[in-house]
Amino acid sequence: MEVEIGELTRPDDTWAGRSGEVAVLLLVNQDSELSPAEERFAEWVEWSPAQPGVVLMNVNVPYRGNSRQLDALIFTRQRCIAVEVKGFRSVQHGTLVIPPNGPWLLDDGEVADLYGNGYDHDPVSQVRTNSLAMKNWATGVTRRPCFVWGLVVVMLLPGQDVPSLEVHSHPEKTDIIVEDFDVFRYYLHRLDEQKVQWEADRVHTLLSRLGVTHLYDGHRDAIAAALGEPAYPDDDIPDAAPLRRY
């Protein structure tokens, strides 16, 4: 399937042979069940070996006195990414069209029967609001400016054929992937050469404030290992060096 991610198209096979020992740390908040589409996304994360990062699924982020539910947060050393995982409710075929306003469509003009896709809101506006919520909250907690990217991942139903994606316009730094595991892996791998923005201390602090450190037993070194950083002693070890706090 040929798809677009912003300006990114399907990569060649040169990256596929990369190897390493670091793997994504998948954390699933059990306060709510995963949808079938989210289950598939979790499998994608688990199938992606040699990939540094932390993925937190089903998390609420403070927003204007309330909270926003995010399907997933991805932390790599280079980016924080707010993810919306969307599934179809019925089988539809054809090119998926993303207009600058309004719901997503199929190329025959029919509204795409995706969860969260309608005239009152659509996946792009939803992920944009979520990434902004995470950005504002994380900046306030760490007292450091940060930018949060947006990613919409669309999962298809068995037998469904959506061969391409037509994007008229979408917010800057917001990407879309339609049912392509290889492109998802490349989306993460291509970040490796970018400047490091997210250290383990920073990620661990945010996860602590979100109340989800129990998912990795509160061990900061688990976050460091997942991000490919050297492991440091935990706070509960006598004479351990103090960890940085934000």
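In this predicted model, lysine 86 stands opposite valine 154, a residue of strand β9. That pair belongs to the contact between β9 and strand β6 (residues 80–87), where 8 bridges join the two strands in parallel. Strand β9 is also joined to strand β11 (residues 174–178), again in parallel, through 5 bridges.

How many of the 8 residues of β9 are buried? The count is 8 of the 8 residues in the stretch 148–155, so the strand is largely enclosed by the rest of the structure. In a regular strand the side chains alternate between the two faces of the sheet. On one side of β9 are Val148, Gly150, Val152 and Val154, and on the other are Trp149, Leu151, Val153 and Met155. Both sets are buried, and both faces of the strand are covered.

The next topic is the nonpolar interior. In soluble globular proteins, nonpolar side chains tend to be buried together. The largest nonpolar core in this model has 28 residues, and those with the most contacts inside it are Leu73, Phe75, Met134, Leu207 and Leu210. The elements that give two or more residues to this core are the strands β4 (54–63), β5 (66–75) and β6, together with the helices α2 (123–142), α4 (200–210) and α5 (220–226). Helix α4 gives the most, with 5 residues. Leucine 207 touches Leu27, Leu56, Phe75, Val212, Thr213, Tyr216 and Ile223, leaving aside residues up to four places away in sequence.

Turning to the cysteines, a search of the whole structure finds 0 disulfides. Cysteine 80 is buried, with a relative accessible area of 0%. Cysteine 146 is buried as well, at 11%.

Charged side chains are the last topic. Side chains of opposite charge can pair when their charged atoms come close. The count of salt bridges comes to 8. One of them links aspartate 113 with arginine 89, with the closest N and O atoms 3.0 Å apart. Aspartate 113 lies in the loop between β8 (105–106) and α2, and arginine 89 in the loop between β6 and β7 (96–98), so this pair ties together parts that are 24 residues apart in sequence. Aspartate 113 is partly exposed at 21% relative accessibility, and arginine 89 is partly exposed at 45%.

Another salt bridge is formed by the side chains of arginine 144 and glutamate 199, at 3.4 Å from N to O. Because arginine 144 sits in the loop between α2 and β9 and glutamate 199 in the loop between α3 (181–189) and α4, the pair ties together parts that are 55 residues apart in sequence. Arginine 144 counts as partly exposed, at 26% relative accessibility.

The side chains of glutamate 229 and arginine 220 also meet in a salt bridge, at 3.7 Å from N to O. Are these two residues buried or exposed? Glutamate 229 counts as buried at 14% relative accessibility, and arginine 220 is buried with a relative accessible area of 2%. Asp201, Arg220 and Glu229 are linked in a network of salt bridges.

Methods:
Residues numbered from 1 in each chain as written. Predicted model: local features only at pLDDT ≥ 70, side-chain atom pairs only at ≥ 80, totals over all residues. Heavy atoms only, no water. Buried < 20%, exposed > 50% of the residue type's maximum accessible area, 1.4 Å probe, protein only. Helix = DSSP H or I, 4+ residues; strand = E, 2+ residues; numbered from the N terminus. Pairing = 2+ DSSP bridges. Core = buried A, V, L, I, M, F, W, Y, C linked by side-chain atoms within 4.5 Å. Contact = heavy atoms within 4.5 Å. Disulfide = S-S within 2.5 Å. Salt bridge = Lys/Arg side-chain N within 4 Å of Asp/Glu carboxyl O.
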